[in-house]
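Please examine the sequence and the three-dimensional structure shown here before reading the briefing.

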Amino acid sequence: MLKQVIVVEGKSDIQRIAQAVEADCIATEGFTLRKGVIDMIRVAYEKRGIIILTDPDTAGERIRRVLTKKFPNAQRDEAFANDDIGIEQASPESIRKALSTLHVESLESSNEFSMVDLVRHGLSGRPDSAARRAVIGAKLGIGYGNGKQFLYRLNHYGITRDAYEEAVNSLK
């Protein structure tokens, strides 16, 4: 699994990336770049680093330019951008080749947290669990997610048990 999160334009791109490498992806859902999407990208950028992998068309270039300005240390795959095809049309081999030109790191996922932790601390299984996850996610800098997404982020974004416990205790 790649440590960095790959930022792509859409869900079809995510599916194509999944055929090539094991990586987390965020779809920009077009070039409007909603605040929620920017917030998710910011968390990934700060916690794991990002790779901007957009199509070599006008929309892709605009997204790449805006994100590069907001996240100057993000890696960009300029080589792929010059191949003149979209991510969803690229072969898995082309994607792997493009990523091989970048400095990518592997991520060791943690199994520090389980669904038991979420239930024990009221982050799953209660009527107010979503609100509680939103508060804790903001405190930990991992954003809001449903129970499964939240658990995944706890285990993949380098959250320590101490930081988690401190955030949970702040709710009381």
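Residues are numbered from 1 along each chain as its sequence is written, and side-chain values use heavy atoms, with hydrogens and water left out.

**Confidence**

- The chain has a mean pLDDT of 87, and 92% of its residues reach 70 or more; pLDDT is the predictor's confidence in each residue, from 0 to 100.
- Confidence is lowest in helix α4 (residues 78-81), with a mean of 54, and highest in helix α6 (residues 115-120), at 96.
- Helices (H or I, at least four residues) and strands (E, at least two) are DSSP runs, numbered from the N terminus.
- Where pLDDT is low, the predicted coordinates should not be read in detail.

**Two loop residues with positive phi**

- E29 lies in the loop between β2 (25-27) and α2 (35-47), and its phi is near 60 degrees, a positive value in a residue other than glycine.
- With 46% relative accessibility, E29 is classed as partly exposed; buried means under 20% relative accessible area, exposed over 50%, and partly exposed in between (1.4 Å probe, protein chains only).
- L33 is found in the loop between β2 and α2, and although L33 is not a glycine, its phi is positive, at about 50 degrees.
- L33 counts as buried, at 11% relative accessibility.

**Nonpolar cores**

- The largest nonpolar core has 29 residues, of which I41, I50, L67, L140, L154, I159 and Y164 touch the most other members.
- Such a core is a set of buried Ala, Val, Leu, Ile, Met, Phe, Trp, Tyr and Cys residues joined through side-chain atoms within 4.5 Å.
- Two or more residues of this core come from each of β1 (5-8), α2, β3 (50-52), α3 (58-70), α7 (129-140), α8 (147-156) and α9 (161-169).
- Helix α2 gives the largest share of this core, five residues.
- A second, separate core of 14 residues includes A23, L53, I95 and L99.
- Apart from its neighbours within four places in sequence, I41 is in contact (heavy atoms within 4.5 Å) with V7, I26, T28, I50, L67 and F71.

**Helices α7 and α8**

- Two packed helices are described by the angle between their axes and the distance between the axes.
- The axes of α7 and α8 come within 12 Å and cross at roughly 20 degrees; axes are lines fitted to C-alpha atoms, for helices over the stretch in contact, and angles run from 0 to 180 degrees between N-to-C directions.
- The two helices α7 and α8 are therefore roughly parallel to each other; this class holds angles under 35 degrees, while those over 145 count as roughly antiparallel, 65 to 115 as roughly perpendicular and the rest as oblique.
- R133, I136, G137 and L140 in α7 meet G147, F150 and L154 in α8.
- F150, in helix α8, is buried at 0% relative accessibility.

**Helices α7 and α9**

- α7 and α9 pack at an angle of about 135 degrees, with their axes 9 Å apart, and this makes α7 oblique to α9.
- I136, K139 and L140 of α7 make the contact with A163, Y164, A167 and V168 of α9.

Definitions and conventions. Predicted model: local features only at pLDDT ≥ 70, side-chain atom pairs only at ≥ 80, totals over all residues.
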